[in-house]
Amino acid sequence: MQWNQIGKIAASLGLAACSQACLADITVGVVLAQTGPLSSLGIPQTNTLTLWPDSIGGEKIKLVVFDDASDTTGALKDTQRLITENHVDILLGSSGVPAAMAMAGPATENKVVQLAFAPVELPPGKGDWTFNLPQPVSKMADALVTRMKQDKIKSIGLLGFSESYGQAWINAFKPKAEAAGIKITAVERYSPPDTSVTAQAIKIIASKPDAVLVIGAGTAAALPQMTLRERGYSGLIYQTHGAASKDLIRIGGKGVEGAIMPAGPLMVAELLDDSNPVKKPGLQYVNAYEKKYGVDTRTQFGAHAYDALLVLQRIVPVALKKAKPGTPEFRLALKDALESEKEIAVSHGVLNYSPQNHVGFDQRAYVMLRIKNGKWELLK
């Protein structure tokens, strides 16, 4: 935990400390990877919190932010502390899949809604209070397989994270690819902090695939593609939505040129049709974020923190009609509102949660992008 980070965010938002008696405040507990190998995800999320207003539905918002240092155990401890000591009304985070999954346990046990900033997939009964803000892996895998069929890919090698995000993608992608007649020639894994994937890249190349899918997130997704190119691989390389940030291009340079990936429409909000319901919230976020942090600083990940705000602005007024913040009744009312409100337009798509569906997104949640001359190209 980085207490100085908490202080910085509180100061930037103009939030004053509130006593336990201040039950009218809506207390939002946030766990992010502000440091560690997933900090390229957590830092833009932290930055985005500075764009939040100081109230929603006429009630003051109090943010309590912890840094899990990209560590699953840290995320679990932070979550437990937020629930037992800070008595939060809602949880946000974390940045990476393993940490977000770790948060889901205490969230369900204590009946606190969690808006996950990573695409978690949980067994029945384990995610009753967890709602995803990122696009589900299964939907993004469908998009990639469709594109690969257009590109006439017949075989593919997989080089992905050795943790939950990598496994979720392999579990979702393999059956979809095989059903489409795309053969998996090899599967290799690497850890986000790794500084070399040469051995894995050599094995992938030796399997002679038509294309390679790199399954990584943040800047850690650049290394495999760069290594494949350095080792002479000339086939198509696809990435997942976890790689959709300008940091990938900044780190990878020419080594990531030509990469194709699904991404949230926020990444190219300016290019969307005016009729697209995602364009307005997408541009609102892009304009506010890049005005403060610079041109081309938007990321797939930072926008999840903005979408959390948009969701709360929709459900908090509904929940306030039933109960006051700081009570179990208010926490239940937030969950009920999430499962009943429809067509919540956010920067990454349109959400329609239900008691049976805590993913919420449909086909409006993604676009297909290619890196061309160091910029995003929107594919049709």
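1. Helix α3 spans residues 72-84, 13 residues in total. Its first and last C-alpha atoms are 19 Å apart, close to the 18 Å expected at 1.5 Å a residue. Keep in mind that this is a predicted model.

2. Gly74, Ala75, Asp78, Thr79, Leu82 and Ile83 are the buried residues of α3. They lie on the same side of α3, because the arc they cover around the axis is only 160°. Lys77 and Thr84 are exposed, on the face of α3 turned away from its buried side.

3. The N-terminal end of α3 is capped by Asp71. One of its side-chain oxygens sits 3.3 Å from the backbone nitrogen of Thr73.

4. Now the sheet. Six strands form an open sheet with mixed pairing, in the order β2-β3-β1-β4-β5-β6. The edges are β2 (55-56) and β6 (130-132). Each has a single partner strand, so one side of each is left without a neighbour in the sheet.

5. Within the sheet, β4 pairs with β5 (residues 113-116). The sense is parallel, over three bridges. Ile90 stands opposite Val113 in β5.

6. A further helix, α12 (residues 328-340), also packs on this sheet. It touches β1, β4, β5 and β6. The direction of α12 makes about 45° with that of β5.

Key:
Residues are numbered from 1 along each chain as its sequence is written. This is a predicted model: local features need pLDDT of at least 70, side-chain atom pairs count only at pLDDT 80 or more; totals for chains, interfaces and linings use all residues. Side-chain values use heavy atoms; hydrogens and water are left out. Helices (H or I, at least four residues) and strands (E, at least two) are DSSP runs, numbered from the N terminus. The expected span of a helix is 1.5 Å times one less than its number of residues. Buried means under 20% relative accessible area, exposed over 50%, partly exposed in between (1.4 Å probe, protein chains only). The arc is that of the directions from the helix axis to the C-beta atoms. A polar contact is a pair of N or O atoms within 3.5 Å; within protein, one must be able to donate a hydrogen and the other to accept it, and residues adjacent in sequence count only if both atoms are side-chain atoms. Two strands pair if DSSP finds at least two bridges between them. Contact means heavy atoms within 4.5 Å. Axes are lines fitted to C-alpha atoms, for helices over the stretch in contact, and angles run from 0 to 180 degrees between N-to-C directions.
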